[in-house]
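Subject: Structure handover

Hello,

Here is the structure for you to look at. My notes on what turned up in it follow below.

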Amino acid sequence: MKVRNLTIGRRLLLAGVAASAVVAAGLAAQPAAAQDKPLKIGFGMALTGGLAGAGKSALIGMQIWAEDVNSRGGLLGRKVELVYYDDQTNPATVPGLYTKLLDVDKVDFVVSGYGTNLIAPAMPIVIQRNKIFMGLFGLGNNEEYKYGRYFQILPAGPQPRRGISSDYFVIAKEKGMKKVAIIAADAEYAQNSAEGARLNAKEHGIEVVYDKSYPPPTADFSPIIRAINATNPDFVFAASYPPDSVGLVRALHEIGAAPTIKMFGGGMVGLQYASVADALGAKLNGIVNYDYYVAEPTLKFDAIEEFLTKYQPRAKAAGVDPLGHYLPPWSYAYLQVLGAAITATKSTDDKVLSDYIHKTAFKTVVGDVKFGPHGEWESHRVLFVQYKGIKDGAAIDAFAKPGARQIIKPEQYKTADWLSLDDGRKAMPK
Amino acid sequence: MKISVFWIGVAVALVVALLTPHVVTNEFYLRTAYTVLQFVVLATAWNILGGYGGYVNFGSAGFFAIGAYSAVFIYKLFPLFQVPDYMIFVMLPLGGVVAAVIGLGTGYLTLRLRGVYFSIATLALAVVLQTLVTNWHFVGGARGASILPPQTVPIFSTWGEFLFVLMAILAIASLAVARYIERSWIGRGLAAIRDNEEAAECMGVPTLKLKLIGCTVSGFLFGVAGAPLPYYVNYIEPVSAFNLVYAVNALAMPMIGGATTWIGPLLGAVVLGTAQEVARVTISSEMNLLIVGVLLVFFVIAAPDGFVGLARKYLGNRKSR
């Protein structure tokens, strides 16, 4: 009886030990399982609608970042997973998508879609949950909120409306131009940009002799160019969207600029896209316009060429911007900043990360990035380039190499001196 | 006193609407429900003139956006007088009244047109309104306007919960209004206009008066549906506020649900709205309008009277057996 009891006790003991081992193993495995959980980054992106072309190219940049990070073992030992939905370029879809990402998909971080209109509706939702929020090309989204965990990658500086055209007016001032004509589309970016241009003109004592808007569906820009010519400005600041930019450049070429006009361009969206540039060809020569990255020797940022080598074949297959100089490096960079902060702090805590991002300068594919108090760049770094020596039907090849878009401003990246519109048309890059 | 099933249903729906935020704490579902309920109001508003009276309005997005921009106007105006939050209770009726006045004005101007000409006129009205708003800088103009939600909401814990309950009450109220119109002399008169306007006129139906009432009530409901939009999106600009998607859905939902009764727009909006919202986060956003298009073509060919027509046909067949 005793022996039997002992036998039962031994079995019980063994079973108990085994069970304890299983439980202990399970408990030990729990943190490991948490480590295995992917780190989810959620966002809405314009994959259909008006900004779909740019949105798709931005998405490719973000996917390349995720693959690069995962090939190095992920972040904090966790694979990165991008969770995204199409916002249809429609702000009304954004609140629903971001609550889905945060409340249903339980993503670890949210980042913005492309553009001011699509960042704005996500802001209150993100602020309500005290999440860190990386913005992609928003213009002054945090001016009213002053939210401390918002960071925006567009290099327009602490006063983005002014920063976007600041150096264009500096060029005008330096070259003795005194009268400007401002023409802008009746839409968000263009109106913000025109407002900044007026302030810049005032600061530099430049008289605004023409200041008009046109509705976005405008097809014929000849009357606008004629009206501008009639005011004999020294230079023209145009804030336009891709179809309008094409229309304005064509009209300028057909009608010709007034003899007084020495500089044309400034804030024209679309000229940076290889496909748009290819459609315009030699008509671009002489124009001075903003840009964010060009293939000039002074812009040798960390791994930018490696990024573009990965991006370009994918873009070709997806039928989007084949060069990827405009938006994709920035969509890569805003995630790069977030990733670098997570790695450096070894934390996913929003406060820890935002504190770190505020005080750190980051090396990214778009150069050194340092944010100011309200999440805009500490100082603006918008490039102003002058188009030179582009031949019809060969713009994509020309854009891929140095020379076609020479940097006039800022000084630290300068690769050529400014030429007047007429001289720029004739000039060939050295 | 006899209480009809409808009013019991209204009471139950109100209780459910008020209790839902306490049961469903996930804000995503509340915001999705808000969107579907918004379409219930839009579809019901369209149906009063389009379904009961046979006057197809393509300018729904214009009336909806006017409601939204009336709210933005109040938002921009009130801070000048230092009036605190909860302006939405002023914005809602104002949005409705402004849209109703525009509806009445549109009625006077366009109701002598019929068929496709009336539809084109309403579409043109939406374009005119969009151009006006685009050039009105006080409400943001082409740049758009940011609307900051209040920090706290009474009774509810989040702004999303409040908006859901608000839109649920609006949806219930709009259905009650639509049902009243359908069963009153207004609805019967509008039905007579839909069947044959000349004959109705000859029989003494006050056609112009009825159409004006239809336009005004329809405009008011579009307006109140649009008024909370700035607080839902927190940023509003003309291109998205006047989006054709609102007009297409406001038309398609009653057509699919059944355009001659108050319950048709409800069914159409719930089925189509839910399908669109589910598709947006599962298959793809591109599917949204495809779903609307395919269902619309199917129903126009196979079931011109929508779900309600199908149900009547099915129930009628069963009774006759």
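A crossing of two helices is left-handed if the near helix is turned anticlockwise from the far one by less than a right angle, and right-handed if clockwise. You will need that for the helix pair below.

First, the ground rules. This is a predicted model, in which local features need pLDDT of at least 70, side-chain atom pairs count only at pLDDT 80 or more, and totals for chains, interfaces and linings use all residues. Residues are numbered from 1 along each chain as its sequence is written, and chains are lettered from A and ligands numbered from 1 in the order in which they are written.

Chain A overall

Chain A has 16 helices and 14 strands. Both are DSSP runs, numbered from the N terminus: helices are H or I with at least four residues, strands are E with at least two. Along the principal axes, its C-alpha atoms fill a box of roughly 115 × 40 × 35 Å. Of its 430 residues, 53% count as buried. Buried means 20 or more other C-beta atoms within 10 Å of the residue's own; exposed means 12 or fewer; partly exposed is in between; C-beta atoms are placed from the backbone. Take the contacts in chain A with a separation of 6 or more: 73% come from residues 24 or more positions apart. A contact here means C-beta atoms, placed from the backbone, within 7 Å.

The helix pair

Helix H2 (residues 52–71) and helix H12 (residues 304–318) of chain A have axes that come within 10 Å and cross at roughly 135°. That makes H2(A) oblique to H12(A). Angles under 35 degrees are roughly parallel, over 145 roughly antiparallel, 65 to 115 roughly perpendicular, and the rest oblique. Axes are lines fitted to C-alpha atoms, for helices over the stretch in contact, with angles from 0 to 180 degrees between N-to-C directions. The crossing of H2(A) and H12(A) is right-handed. On the H2(A) side, the residues in contact are A:Lys56, A:Ser57, A:Ile60, A:Gly61 and A:Ile64. They meet A:Phe307, A:Lys310, A:Tyr311, A:Arg314, A:Ala315 and A:Ala318 in H12(A). By class, that contact has six nonpolar, two polar and three charged residues. Nonpolar covers Ala, Val, Leu, Ile, Met, Phe, Trp, Tyr, Cys and Pro; charged covers Asp, Glu, Lys and Arg; the others, Gly among them, are polar.

A:Lys316 also sits in helix H12 of chain A. A:Lys316 is exposed, with 11 other C-beta atoms within 10 Å.

The contact between chains

Chain A puts in 25 residues and chain B 26. On the chain A side, H3(A) gives the most, with six residues. The residues of that side divide into 10 nonpolar, nine polar and six charged.

Backbone points to check

- A cis peptide bond joins A:Lys409 and A:Pro410, with omega about -5°.
- A:Pro410 lies in the loop between strand S14 (405–409) and helix H16 (421–426) of chain A.
- A:Thr89 is not a glycine, yet its phi is positive, near 55°. A:Thr89 counts as buried, with 25 C-beta neighbours inside 10 Å.
- A:Asn130 is not a glycine either, and has a positive phi of about 55°. A:Asn130 is exposed, with 12 other C-beta atoms within 10 Å.

Best wishes

Technical notes:
Two residues are in contact if their C-beta atoms, placed from the backbone, lie within 7 Å.
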